[in-house]
Amino acid sequence: MGIRKNQSSLSASEKAAFIAAVKGLKTNGAYDVFVAQHRAAFMASPNDPAHRGPAFLPWHREYLRRFELALQQVDPDVTIPYWDWTIDRTVGASLWSADFMGGNGTGTNRRVNTGPFAFSTGEWALTVLDPGDSTNFLTRSFGAMGSLPTQQAVSAALNVVPYDSAPWNSNSSTNTSFRSRLEVVIHNPGHMWVGGSMMAMASPNDPVFWLHHCNIDRLWAEWQRENPGAIYLPPSGTPDVVAGHGRDDPMPPWNNEASPPTPRSVLDHHALGYTYDDEPVSAGIISLTVGAQPTSASIAQAGEVDIYSFVVAAAGSHVIETQGPTDVVAALYGPNDMTTFISEDDDSGPGANSRIERNLTAGTYYVRIRHYSGSSSGPYSISVSGSAPQPGIQTIQVNGPAVQGTISAANERDMYTFTLTSAGTYTIETAGSTDCFLTLFGPDNPATFVAQDDDSGPGTNSRLALDLAPGAYFAQVRHYSPTGTGAYSISVRS
Amino acid sequence: MAEQREIYKGRQIILRTGAEASAAKAAAGIAAEESGAEDVELYIDAERIFTVRDAGGSFIGSGFAFDPQPTPLDLAKKIIDYRETGK
């Protein structure tokens, strides 16, 4: 799982890698496609799917994740850093140094003349512009149009519940809409403080856009963590809500994809494959594997709530149960939404343990464990078992014959598992004429990222040669192109 | 009100609305995708400012997307304010 870091903690090499990946996308044309998507969202007003409405946060979460995945096609180790303007809020902050974002604009035209995105580098000409604008160089005007958000303002925003409120647009009260408060009071001033290119509909032309929005996404994730029962609003079908802003509405411009993202589908940022460097470990979501040995844990302090997730690959009966001497209560949520309640149990297991048995469809589920008494603590363990095999995950025998597979639909992801009984160097690779993209997770946890590869094998095949510890691993195969399909085989050799 | 004119900080703001705006768009041959807010045409010193109106009725303009204003005239003044800061 990728970790998004505070930009102020990046090493020189991490900054250089981010800049190089951004410039790589600029060179191959992908960067300007992202800029055009953002501009197009604004120009669709009053039907803007991305701003001044409930989907402001989900749309930008999806948008940033796609940009991050594009960066990782250039350099798999790169993640989007975030800019915490409550701390780094001066013109002299290291963010604006010549080895990272470059500095303020100068002169009457406010042209940025320092850093990697200065026009003089010959590598950063703006080609996607707001209507009527012909400025083809990056501009900034720090502080000309307001101030950066303060910690006090951020704290006040995080205290606003519910997520959003009628009339579900720019007229939603900043006192009854967390989204509106975050968008209007926190987000907009960030754009305005940087000024210049960042004030435009084509604001992603300034790469600091990504760091600014990464911080907005981080704050949303923090709000979600502190308000686990506050569901995304409004539901689809609510009158007078712009298309794309309802909970299960496909979000433009991706709404014609085979599995288009919706606000609901991006609520769990961990499920999207990233986390933030400041997320408290104790409050993090711990992954469980169906059929694995019980995971030991404890309610370390009174009032603590532990959160787990597990993936059901194939529909069937599943049992979530606790073991141990502590009187815990388990609550099950999902699929793919940690706020959709399914069931809660106190003592259906042995002693004072919890036991929930349910037929579950495929998807990601969440379990919240608390002590029955709000003033008590104690150890326990938790496990998930499935009564049916998981046919969605095929097994690869190490040094056995290659397993045949097919990407039969756009965006399909095939999952395989293999078990290593001893540590060593292993090669996982695909074969065939399909341009596969291989991602490895494990050991013993399908949510723990190990490595990924596109074309290190023959032709456009993937190959990972890695030193691996014993345990169960999970290999995910997808087509390099989101719309691509084709046959392939996959093998694991020592 | 078809046309409003106002001088702000020495700059002339012209706002055309309704049929006047539609006629101005047609006369200028403005493409549909750059037409912007329906029935609104905004100019600062004869420079056309592309303007859109969000679902809540607020106005934003070209190069000025993150400080929505309740009216096109307010938007024009904000844009002039920003341009003044660069001098």
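How many residues of chain A are in contact with how many residues of chain B?

## Contact between the chains

In this predicted model, the contact involves 27 residues on chain A and 22 residues on chain B. On the chain A side, the elements that contribute two or more residues are α2 (30-43) and α5 (178-194). The largest share of that side comes from α5(A), which gives three residues.

Sorted by class, the side of chain A that touches chain B holds eleven nonpolar residues, eleven polar residues and five charged residues.

## Sheet in chain B

Chain B has an open sheet of three strands, ordered β5-β6-β7, with antiparallel pairing. Its edges are β5 (51-53) and β7 (64-69) of chain B, each of which pairs on one side only. On average, neighbouring strands of the sheet are turned by 30° against each other, with direction ignored.

Strand β6(B), residues 59-61, runs antiparallel to β7(B), and two bridges join them. Within these strands, Gly61(B) is placed opposite Phe64(B) of β7(B).

## Helix across the sheet

Which helix lies across β5, β6 and β7 of chain B? That helix is α2 of chain B, residues 72-85, and it runs at about 130° to β7(B). The strands it crosses are those of the open antiparallel sheet, in the order β5-β6-β7 (chain B).

Technical notes:
Residues are numbered from 1 along each chain as its sequence is written. Chains are lettered from A and ligands numbered from 1 in the order in which they are written. This is a predicted model: local features need pLDDT of at least 70, side-chain atom pairs count only at pLDDT 80 or more; totals for chains, interfaces and linings use all residues. Two residues are in contact if their C-beta atoms, placed from the backbone, lie within 7 Å. Helices (H or I, at least four residues) and strands (E, at least two) are DSSP runs, numbered from the N terminus. Ala, Val, Leu, Ile, Met, Phe, Trp, Tyr, Cys and Pro count as nonpolar, Asp, Glu, Lys and Arg as charged, and the others, Gly among them, as polar. Two strands pair if DSSP finds at least two bridges between them. Axes are lines fitted to C-alpha atoms, for helices over the stretch in contact, and angles run from 0 to 180 degrees between N-to-C directions.
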